[in-house]
Amino acid sequence: MKPYNIAVIAGDGIGPEVINEGINVLNTISTINPDVQFDFTHFPWGCEFYSRHGKMMDEDGIEQLSAFDSIYLGAVGFPGVPDHISLWDLLLIIRKSFDQYVNIRPVTLIKGAHCPLSDVQREEVDMLFIRENSEGEYSGAGDWLFKGKENEVVLQNSVFSRKGTERIIRYAYETAKKQGKTLTSISKANALNYSMVFWDQVFEEVGKEYPEVQTASYLVDAAAMLMIKDPKRFEVVVTSNLFGDILTDLGAALAGGIGLAAGANINPEREYPSMFEPIHGSAPDIAGQGKANPLASIWSASQMLDFFGYEQYGKMVLEAIEQLLVEGTVLTPDMGGTATTSEVGKRVNELLVSIATSKSVNN
Ligand SMILES: NC(=O)c1ccc[n+]([C@@H]2O[C@H](COP(=O)([O-])OP(=O)(O)OC[C@H]3O[C@@H](n4cnc5c(N)ncnc54)[C@H](O)[C@@H]3O)[C@@H](O)[C@H]2O)c1
């Protein structure tokens, strides 16, 4: 079989450290099934690149990336480079240029992961957030008038197109239907009297095509409270770019912390490459010390396997992460352990091989 071509943008800080472990896991999958091969091409882009070249990526970076099957991103950000530059000139350009309009963020409390809620069963935290990823509050539209003057005015516009709103909501209905789960829409129509009234209307309209999907609709403030008080209400969730950004961090806190949170930026039509990344940043405070938790990056590698159609291996990777947490002996300091990034990666690979061996013995 032809290998999958993966563009690796390891980025800054702990990015390269955690991505390395994800790559090792994908290579282990290739040893488990030699028909599944990956070819990795590394791009040195990010903030360090910016400090040398005055840009986050090559001028023709998007053209270079367009030839790949997917993009595997570590993290970008470094003290001295304004965050809006690192975000807009790399991450958001990739998401927008490749029409990665679906952001998928699993909020699943796996065995062994710590949940800060005391009276919640593990099975009650199992959500799949589908966040609009191409427009909404992060459209970048706006203006800055009379800068520095007394009458200074800043406009930051949200953009909700019919096409953009319908397609994300339809994707969410399709997912809920396929998984036999409920679908919850999160909006804020009482205060945002154009954008979110429209969002709710489209949610209802598209819902007519999916009578079998049971739905709920919450205001974002109520949803934030309910995610804590009654997380089992949420199964598949669809929401806008900004609300999704915030609520999925809340979700990460519920499901084991930022060291476990992964995200996929998907172009469902597969016209362009999709991008997989841990959601944490470059963590300059611990970079280069071998303390970074690689599990989020490894989880995002499992999302990549799912996307390529190898759900069985995606699942195996999650099982290996779960077994590692249950063992509780090889963990990075953020999870209360003393192991290094590479020791955790190595243990995940060992567990992966043993899971694969036991499955092939049982088959
Ligand atoms: N997707 C991205 O590339 C992305 C996302 C968020 C932030 N950033 C950038 O990263 C830089 C730092 O941002 P921040 O400090 O707000 O967020 P951060 O996620 O980098 O770090 C927040 C805290 O979590 C810890 N942490 C994060 N990931 C960890 C991991 N894998 N293992 C152990 N601990 C981990 C850090 O040590 C830090 O204490 C900024 O420049 C920011 O713009 C990038």
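**Sheet and helices in a predicted model**

Modeller: UniProt, in an unreviewed entry, lists residues 5–348 as "domain: Isopropylmalate dehydrogenase-like". Keep in mind that this is a predicted model.

Colleague: What are the helix and strand percentages for residues 5–348, and how far apart are the end C-alpha atoms?

Modeller: The span is 40% helix and 21% strand. Its end C-alpha atoms lie 23 Å apart.

Colleague: Now the sheet. How many strands, and in what order?

Modeller: The sheet has 10 strands and is open. The order runs β2-β1-β3-β12-β11-β4-β5-β10-β8-β9. Pairing is mixed.

Colleague: Which are the edge strands?

Modeller: β2 (38–42) and β9 (215–219). Each of them pairs on one side only.

Colleague: And what does the twist average?

Modeller: From one strand to the next, the average is 20°.

Colleague: Which residue in β10 is the bridge partner of R131?

Modeller: T239.

Colleague: What does helix α6 touch on the sheet?

Modeller: Helix α6 (residues 195–207) packs against β8 (183–187) and β9. The α6 direction makes about 165° with that of β8.

Colleague: And which strands does α7 touch?

Modeller: β8 and β9. Helix α7 spans residues 220–229, and its direction makes about 110° with that of β9.

Colleague: Switching to helix pairs. How do the axes of α7 and α8 sit?

Modeller: They come within 11 Å and cross at roughly 10°. Helix α8 is residues 241–254. With angles under 35 degrees counting as roughly parallel, α7 is therefore roughly parallel to α8.

Colleague: Which residues of α7 and α8 meet?

Modeller: From α7, look at V220, A223, A224 and M227. From α8, they meet F243, L247, L250, G251 and L254.

Colleague: How many of those contact residues are nonpolar, polar or charged?

Modeller: The α7–α8 contact has 8 nonpolar residues and 1 polar, with no charged ones.

Note on methods
Residues are numbered from 1 along each chain as its sequence is written. This is a predicted model: local features need pLDDT of at least 70, side-chain atom pairs count only at pLDDT 80 or more; totals for chains, interfaces and linings use all residues. Two strands pair if DSSP finds at least two bridges between them. Helices (H or I, at least four residues) and strands (E, at least two) are DSSP runs, numbered from the N terminus. Axes are lines fitted to C-alpha atoms, for helices over the stretch in contact, and angles run from 0 to 180 degrees between N-to-C directions. Two residues are in contact if their C-beta atoms, placed from the backbone, lie within 7 Å. UniProt positions are given in the numbering used here, feature names are shortened, and annotations may be inferred rather than shown by experiment. Angles under 35 degrees count as roughly parallel, over 145 as roughly antiparallel, 65 to 115 as roughly perpendicular and the rest as oblique. Ala, Val, Leu, Ile, Met, Phe, Trp, Tyr, Cys and Pro count as nonpolar, Asp, Glu, Lys and Arg as charged, and the others, Gly among them, as polar.
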